[in-house]
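Here is a short note for a colleague who has not seen this structure before. Please read the points with the model open.

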Amino acid sequence: MKSIPEPHEFFKVNIHEERTAAYIARSMPFLIFLVTVCLLILGVLRNAVLLLTITAALNVAMWLWVVSMALTCMYGVIQSQEMIDNANEKESERQPTESKVTVRHIVVIPNYKESESILTDTLRSLHEAKERLSALQSKKDFTVVIAMEEREKDAKIKYTKLKEQYEGKFEMMVTFHPKDLEVTHMDGSVEPEVKGKASNLKHAVQEVCKKFDKEESSKKNVLTVIDADVILHPMYFQHISHDIASMEDRGEDPSYTFWQAPQLPWRNFYTCPVVSRVWGYISSLWEFGGVSGLIYGSHHMVFSAYSAPLDLAKNAECWDGDVIAEDHHAFLKAWFYAVFQKTQAAACPWVQVKPVMLPSKSTSVQSDDDYWSSWSERWDQAKRHAQGVAELSYALLAAWDMLTSLPVTSLGPDFLWRLLKVVFKPFMMHIVSTLQAISLLVLTLYWLASGNEIPWCPKQLVLTNLMTQGDTLLCGLAGAWVLAWPVVIPFILLIESCWEEADGAVKPWESSFLGPFAGSKQFTALCLLLMDVLIFFGPIMAVYGVLVEILAYCNVLVRGNRFEYKTASKSLASGKEVNKSYGSCEGMDSTQETPALQKNTESDDVETGQK
């Protein structure tokens, strides 16, 4: 009797596998870039219509994406402020004293050479959040895991000091990620782990599973991953506990659900250099807008700080030791795992991300050494973020293996539409945004070389001809007359949408010439934002956005995720701003300090953390 072959677990594929499909998947970002550039050059040399068509298509794609993100971002800001304002009043409603479901929260903080003060501040905020949970939950229902690296000198001493401060406030455990581990792929190939958050997190979650697998409990274990500098809203965990109870009351299964709060990297907004602030604007728009869009049913991936059921993280093996963008990889792998479960006749829902409209706060890159060191470290961070294009390669490889192993009858329109959205998200983030900038640059140079006009395009824009003459419409969409207008509207919306209550240590201008605006933090921040966007945004993103993405295409093509992971310094001015438990959202600040924090804030020294 023939044995039944094991089903192909396509969610476990890896771009470092030694097979043709893996090599092709790794090459796709670079090939798409190369083909597009060649077509642009061909358009310049032979056919202006081709140049205009490509530029117009990329412009329209970016306009729709950016404007939709900005609009949902503005709506999300309103929703977030309403939730924050009503958080205290609704506390009793959000967490009933008698709940049918007991949720155990497990918070993992991967870190390497983080300052003790940054970790202390984060643990203090977690203690505040823990206190907002139901009184029925014991200390053991809230566990904080300090995920450290074995290669960090004095890591055990640092943990001992942190444990002395917080051991009685919630359960604590520590993991030390061993060095020189290896990853074995499905095809038998072996790859050394990449030093970084993903490999650390993989080991930490494995240790967490060993601990809690020994317990027989009906509690819902929810895993939350945060960076060492992230401050979650005090009501974040209570919101998730209430959401799980509500889902089960409605007969829904929360086992395939991620939770994501919008994250604002503005704790040191005023003191960090412009190169870090510019990235903060983009990150806030994409991520705040993306999370807000979930309210309307749009698609978004988790990032940086997020929550998921521990069983999902364990069964899907969400984190691999040889990836860089652990957050996007975790979501993609969980999504393909759910599809795999469906192919095995398992009654499971689609993986979904639910918004938690309570913003979390983090810091931007800021070095203690000198001003230009921050630019260098921001470059290292930009290269690491751009390496996330490898997750497009992973999605393509997993999709290929999935489609070649599934029967055609299972590929319905709904399934294909979901798959398209999953693959298209990293494609927009890492490919379309870069190619749009390149095409606009090529068109600009062509316009200058052609005597400030584009052949085939009318010399003057006549609005009445816009919808009746194809050449007028195409030239307009490509930006052939006013080369700035393809990005003006999105950035006006960006300026209006990306500020929130966190003041980021802003020092208001006090000049008498400002009249009623003197002493206003909002006015100071708005002026700084306008200057950054209108003057510095373009030159900075040409290097820290477009160039790093091109380098990432080449690296993924040649080396995959083999990458030197460098941490970036995160300085946070101490003093009154640090004394605040959550930040500066009105009505949510706590002036209570732990003895350890009081000790840390007695001086005016700058605190440094790394991420």
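Which residues form a nonpolar patch on the surface?

1. The surface patch. This is a predicted model. In it, Leu-526, Leu-530, Met-531, Leu-534, Ile-535 and Phe-536 form a nonpolar patch on the surface. Together they have about 530 Å² of accessible area. Phe-536 is part of helix α16, which covers residues 521–559.

2. The side chain of Asp-532 meets that of Arg-277 in a salt bridge, at 2.7 Å from N to O.

3. Salt bridges elsewhere. How many salt bridges does the structure hold? The count is 23. Side chains of opposite charge can pair when their charged atoms come close. One case is Glu-171 with Lys-211, where the closest N and O atoms are 3.4 Å apart. Is Glu-171 buried or exposed? Glu-171 counts as buried because its relative accessibility is 18%, and the cut-off for buried is under 20%. Lys-211, at 28% relative accessibility, counts as partly exposed.

4. Glu-248 forms a salt bridge with Lys-220. Their closest N and O atoms are 3.0 Å apart. Glu-248 has 30% relative accessibility and counts as partly exposed. Lys-220 has 30% relative accessibility and counts as partly exposed.

5. A network. Salt bridges also link Glu-9, Lys-12 and Glu-317 in a network.

6. Strand β9 and its partners. Strand β6 spans residues 220–225 and joins β9 through four bridges. The two strands run antiparallel. Thr-224 has Ser-307 as its bridge partner in β9. Strand β7 (residues 257–260) is joined to β9 by two bridges, and this pair is antiparallel too. Here Gln-260 has Tyr-306 as its bridge partner in β9.

7. The faces of β9. In a regular strand the side chains alternate between the two faces of the sheet. Which residues of β9 lie on each side? Strand β9 covers residues 306–309, with Tyr-306 and Ala-308 on one side. Ser-307 and Pro-309 are on the other. These four residues are all buried, and both faces of the strand are covered.

8. Helix α13 runs over residues 413–449. If straight, a helix of 37 residues would span 54 Å, at 1.5 Å a residue. Between its end C-alpha atoms, α13 spans only 47 Å. Where does α13 bend? The bend is at Met-428, by about 50°. Gly-451 follows α13, and its phi is positive, near 75°.

Conventions: Residues numbered from 1 in each chain as written. Predicted model: local features only at pLDDT ≥ 70, side-chain atom pairs only at ≥ 80, totals over all residues. Heavy atoms only, no water. Expected span 1.5 Å × (residues − 1). Bend = angle between axes of the 7 residues up to and from the residue. Buried < 20%, exposed > 50% of the residue type's maximum accessible area, 1.4 Å probe, protein only. Pairing = 2+ DSSP bridges. Patch = residues over 30% accessible without salt bridge, like charges linked within 9 Å, V, L, I, M, F, W, Y side chains within 5 Å. Areas by Shrake-Rupley, 256 points an atom, 1.4 Å probe, with all protein chains shown as cover. Salt bridge = Lys/Arg side-chain N within 4 Å of Asp/Glu carboxyl O.
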